[in-house]
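I opened this entry to keep track of what I looked up. My notes follow the structure shown here.

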Amino acid sequence: MDRLTEYLFPKQVSTFAQDIDNLFYFIFYTSLVLLAIVTFGMIYLAIKYRFKKNDEIRLTSSTDHNSILESSFVIIPLILVSITFVWGIKSYLNMVTVPNDAIEIKVTGQSWFWTFDYPEGGSTLNELVVPSGVPIKIVLSSKDVIHSFYIPVMRAKMDVLPNRYNVMWFNAEQEGIYPIFCAEYCGTGHSQMNAQVVVMNPKQYNVWLAEVGSEDDDLPLDELGAKLYSKKACITCHTLDGSPLVGPSYLQTSQMWGQERVFDDGSSATIDDNYIRNSILEPQSQIVAGYQGVMPTYQGLLNDRELDALIAFLKTLKEDSGI
Amino acid sequence: MSDNHQNNYLTYPRGIMSWVLTLDHKRIGLMYLFGGMFFFFLAGVIALGMRLALATPEADFITNDQYNSMYTLHGAIMIFLFIIPAIPGALGNMLLPLMIGARDVAFPRLNLLSFYLYSLGAVFVIYTILAGGVDTGWTFYTPYSTTSTTNVIPMTLGIFVIGFSSILTGLNFIATIHKMRISGLTWYKLPLFVWALYGTSLVQITATPVIAITMVLLILERLLGIGIFDPALGGDPVLFQHFFWFYSHPAVYIMILPAFGIISEIIPVHSRKKIWGYKFIAYSTLSIAFIGFLVWGHHMFTSGQSVFSQIVFSFITYFVGIPTGIKIFSWMLTMYKGQVSFTPPMLYALSFLFLFTIGGLTGIFLGAVALDIHLHDTYFVVAHFHYVMQGGTIIAFLGGLHHWWPKTFGAMYNQTIANICAIGVFIGFNGTFFPQFLLGLRGMPRRYATYAQEYAEIHSYSTFWSLVLGLFIFIAVVNLLWSLRKNNKLDPGTNPWGALTMEWTHTTSPPHPHNFEEEPVLTHGPYDYDKVIVKPTFKK
């Protein structure tokens, strides 16, 4: 069973993962039996009563019902689906009953990244950090279209809506780093709207919580920029190798430093520090010709030093920087 | 000679206008058939393009936007231009009057109008493709669909127009079944395909108006910002999902019930055996059509609807499973003490039984709320509905096409090639979609243009087998078309399967322009293989 589970499923990290996988196995094995009855029944009947070359065409049996057989087709599946239904609901109630002592983390979905706000202050982008063995309540909302917050290892998923809060919870039992996906289609960057959940032991978590954000203060600007580039999800839409993605590549922008950039309304501007700052904080005001104006504003998501860092990082990019 | 060609609806009357303005249900059925097959081919090619792009984790030769547009068009075209209209529009039109001994459907002009509305809708869809596609998914969820810069309006207008075609066909069939049966053909003597069309038509006329209204609201929201779905104006995007699935879940039964009807015809004929549990199959068709209206919420198990709604929708969902399960057992038991021939239609019907059983059983997994939370919007769902829609409906459609091909065209295809293709389609299909259950269990979300490395191996299997699947469907269709060459005509009296339904016993192949040369008289029931012997005749 364990090896099969390892093959079929992602790791069982949350407290209810095993129960859900067991529900799967219950349906799976009963389905296998039913499928075997249909398949072998069908093959047996088709072969036993096959029309052979030398057979005479004759009147065939008028048998077309059998009360015992038919009742069993109703009663047995009815029992099986009743068990499935009750099990499914019972486990589900467990999944929606948030323990009172849960730590509440606010998750905001936005095309195409996730922001996590922690109760003690501090926030992260595309990286959810949680302590192990403690119930975590996730409060979800979206800034634009509908997304869906999906952590396969927790067997947890919930749609992220723009007009109301949805709630889910889990209690992670095993430390590690696991993927988070967006499961509701949300446009161009949908398949890149990934994040990860880092499960730490509670002590580490407290240390991390105290330091969140501050650990970056000592880094040189360009190194901090390189870190923010992936941490703040710029990487989702902007490459470093010159190839266009959802937005223009950083490398291209860096190579064009000091030159004119043409926008989709026909106007243009010189690529300089102010242009970059403006592009990050008010991306809709200047849309590079040939691209869709889909970037969200980073107003409030980056402080001044972080803005400086991203600009410094972009300037360092060269053809052979090999990142 | 002139007398001869006047006995064939394909050759009489002559001239292009006799087709364009035809009121003959058979010709309208044929036009639906070729329209549907064209879109099946188009959406199939798009699907293969997607599978090729998904063969490796990176976006290889298409951009994310192109991928999103492709999967949207694949789904929308397959559903709205092929699966929904194909069986009722093509096989239903062709066969319904013949099966009940009628001269035509109740409203022939309305029938032609349906076809032209379908064509008009198709024009909108083709415009959408040429204008650069649409990227919302066939589900058009707001607020993405109200903000997307792609061609949402032409696409939804197309669906709106096609909806009317669907409603009018349903109306026509219901009137036809009630009023046009020959004397003595009581409800319990109807072929089950007719019952299936009846159930389908009921759903078409009751559910389709809802999608039409929803599409109009979506268009108004985009054009005028009326605010029904926009939270900024006090609307609710989840309301759209309720409207959408209130149609689209019953639409699943518009797609599958006619397939049930085809299987209920093929298995008795090719087993030369009275069908098992006639009344049960007939009534389960109606009960599935009814229950289908009450389960739309299971598409929204992760939307945050109330716990009470989740429980109720899960509960009712299982009630669809029970009648469906008994149907499967009934079809299986029909072979008991029969004379089973392994003809191409029968092979398709047997593979339907296997594939649809998997499709149905995997629905049980998804109906269990706690498990659905993990599987929702993953490839498990993709695999599930392809087992139902392709493994169910399209396999049944192919079976029906092979079954009624000699009736429709008076020509027989190469049966050996057809058998090989039926097996090839079966293998290719399982190879393509079975691995996708595993992808879903492992957490791969659907509608991803690129994906994590860990899923790469399984995706590459799926892509390989999808090419096999595509190839065999292509050969199967070419094999059918090849039979239409000159000098391959069958004797008009041909009944190659020894079938007992009226379209085989009371008229020629291909049928007379007026269906029956003289007023048909009911001589036996559709499944009286215990009372009447009709030998298969197969003459050139």
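**Notebook: two chains and their contacts**

I began with the interface of chain B and chain A, where I found 1 salt bridge. I count a salt bridge when a side-chain nitrogen of Lys or Arg is within 4 Å of a carboxyl oxygen of Asp or Glu. The partners are B:K274 and A:D64, with N to O at 3.6 Å.

A note on the source: this is a predicted model, where local features need pLDDT of at least 70 and side-chain atom pairs count only at pLDDT 80 or more, while totals for chains, interfaces and linings use all residues. Residues are numbered from 1 along each chain as its sequence is written, chains are lettered from A and ligands numbered from 1 in the order in which they are written, and side-chain values use heavy atoms, with hydrogens and water left out.

**Entry: the interface**

I looked up polar contacts next and got 27 residue pairs between chain B and chain A, both residues at pLDDT 80 or more. A polar contact is a pair of N or O atoms within 3.5 Å; within protein, one must be able to donate a hydrogen and the other to accept it, and residues adjacent in sequence count only if both atoms are side-chain atoms.

On the side of chain B that touches chain A, α11(B) gives the most, with 12 residues. By class, I read 46 nonpolar, 24 polar and 14 charged residues on that side of chain B. Here Ala, Val, Leu, Ile, Met, Phe, Trp, Tyr, Cys and Pro count as nonpolar, Asp, Glu, Lys and Arg as charged, and the others, Gly among them, as polar.

The contact (heavy atoms within 4.5 Å) takes 84 residues from chain B and 79 residues from chain A. I noted a buried area of about 7400 Å², with 69% from carbon and sulfur atoms. That area is the accessible area (1.4 Å probe) that two parts lose on being put together, summed over both.

**Entry: salt bridges in chain A**

Over all chains, I found 8 salt bridges. In one of them, A:D21 pairs with A:R155 at 2.8 Å between the closest N and O atoms. A:D21 is in helix α2 and A:R155 in the loop between β6 and β7, 134 residues apart. Helices (H or I, at least four residues) and strands (E, at least two) are DSSP runs, numbered from the N terminus. Are A:D21 and A:R155 buried or exposed? Both are buried. Buried means under 20% relative accessible area, exposed over 50%, partly exposed in between (1.4 Å probe, protein chains only).

I also checked A:D273 and A:K315, whose closest N and O atoms are 3.1 Å apart in a salt bridge. This pair links helix α7 to helix α8 of chain A. A:D273 is partly exposed at 35%, and A:K315 is partly exposed at 41%.

**Entry: helix α4 of chain A**

In α4(A), residues 202-211, I found A:Y205, A:W208 and A:L209 buried. These buried residues fall within an arc of 100 degrees seen down the axis, so they line one face of the helix. The arc is that of the directions from the helix axis to the C-beta atoms. The face turned away carries the exposed A:K203 and A:A210.

**Entry: backbone in chain B**

I found a cis peptide bond joining B:T142 and B:P143, with omega about -5 degrees. B:N487 is not a glycine, yet its phi is positive, near 60 degrees. B:N487 is exposed, at 79%.
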